[in-house]
Amino acid sequence: MSLSSILSADAIDAAMKDCQAPDSFNCKKFFQQCGLTKKSPAEVKKVFGILDNDASGFIEEEELKFFLQRFNPGARVLTEKETKAFMSAADDDSDGMIGADGVYLTLVW
């Protein structure tokens, strides 16, 4: 399954263009622009499964750096500042890992 089977390719492109510069990524804004905020919890979990590169059930900080590359292989990696901000926003229990529920909570805040 690919992200474009759940999210519009045009919406993904628009979201990617808005965060090309280092330190310009904002997870909430990105989720809105790519259309993820309009998806059901089940669809969000499907997207999470695609983003969970090692299929551990969690997205760890090391995986999170490469978040944009899961949407577009040629994209940049997140800066340390962006990675920490994303982790802080989505890690609902402060264990250093993001579960699918944490991503969904980030979407609805």
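Trainee: Why is arginine 76 called buried?
Mentor: This is a predicted model, and the value is computed from it. Buried means under 20% relative accessible area. Arginine 76 has 18%, so it counts as buried.

Trainee: Where is arginine 76 found?
Mentor: In the loop between H5 and helix H6 (80-90).

Trainee: What makes the pairing of arginine 76 and glutamate 82 a polar contact?
Mentor: Their side chains are joined at 2.6 Å. The limit is 3.5 Å for a pair of N or O atoms, one able to donate a hydrogen and the other to accept it. The pair therefore qualifies. The side chain of arginine 76 also reaches the backbone oxygen of cysteine 19, at 3.0 Å.

Trainee: Which other residues does arginine 76 touch, leaving out those up to four places away in sequence?
Mentor: Among them are Gln20, Pro22, Asp23, Phe25 and Leu68.

Trainee: What is phenylalanine 25 in contact with, beyond its neighbours within four places in sequence?
Mentor: Its partners include Arg76, Glu82, Cys19, Phe30, Phe67 and Phe86. Phe25 also belongs to the largest nonpolar core, which has 31 residues. Phe25, Phe30, Phe67, Leu68, Phe71 and Phe86 touch the most other members.

Trainee: Which elements give two or more residues to this core?
Mentor: H1, H2, helix H3 (41-51), H5 and H6. H3 gives the most, with 5 residues.

Trainee: How do you know that cysteine 27 is buried?
Mentor: Its relative accessible area is 8%. The cut-off is under 20%, so cysteine 27 is buried. Cysteine 27 lies in helix H2.

Trainee: Which residues of helix H1 (residues 9-17) are buried?
Mentor: Ala11, Ile12, Ala15 and Met16.

Trainee: Why do these residues lie on the same side of H1?
Mentor: Because they cover an arc of only 135 degrees around the axis. An α-helix has 3.6 residues a turn, so residues three or four places apart point the same way.

Trainee: What covers the buried residues of H1, and what is on the face turned away?
Mentor: The cover includes helix H2 (27-34) and helix H5 (67-71). The face turned away from the buried side carries Asp10 and Lys17, both exposed.

Trainee: What reaches the backbone nitrogen of aspartate 10 at the start of H1?
Mentor: A side-chain oxygen of serine 8, to within 3.2 Å.

How values were computed. Residues numbered from 1 in each chain as written. Predicted model: local features only at pLDDT ≥ 70, side-chain atom pairs only at ≥ 80, totals over all residues. Heavy atoms only, no water. Buried < 20%, exposed > 50% of the residue type's maximum accessible area, 1.4 Å probe, protein only. Helix = DSSP H or I, 4+ residues; strand = E, 2+ residues; numbered from the N terminus. Arc of directions from axis to C-beta. Contact = heavy atoms within 4.5 Å. Core = buried A, V, L, I, M, F, W, Y, C linked by side-chain atoms within 4.5 Å.
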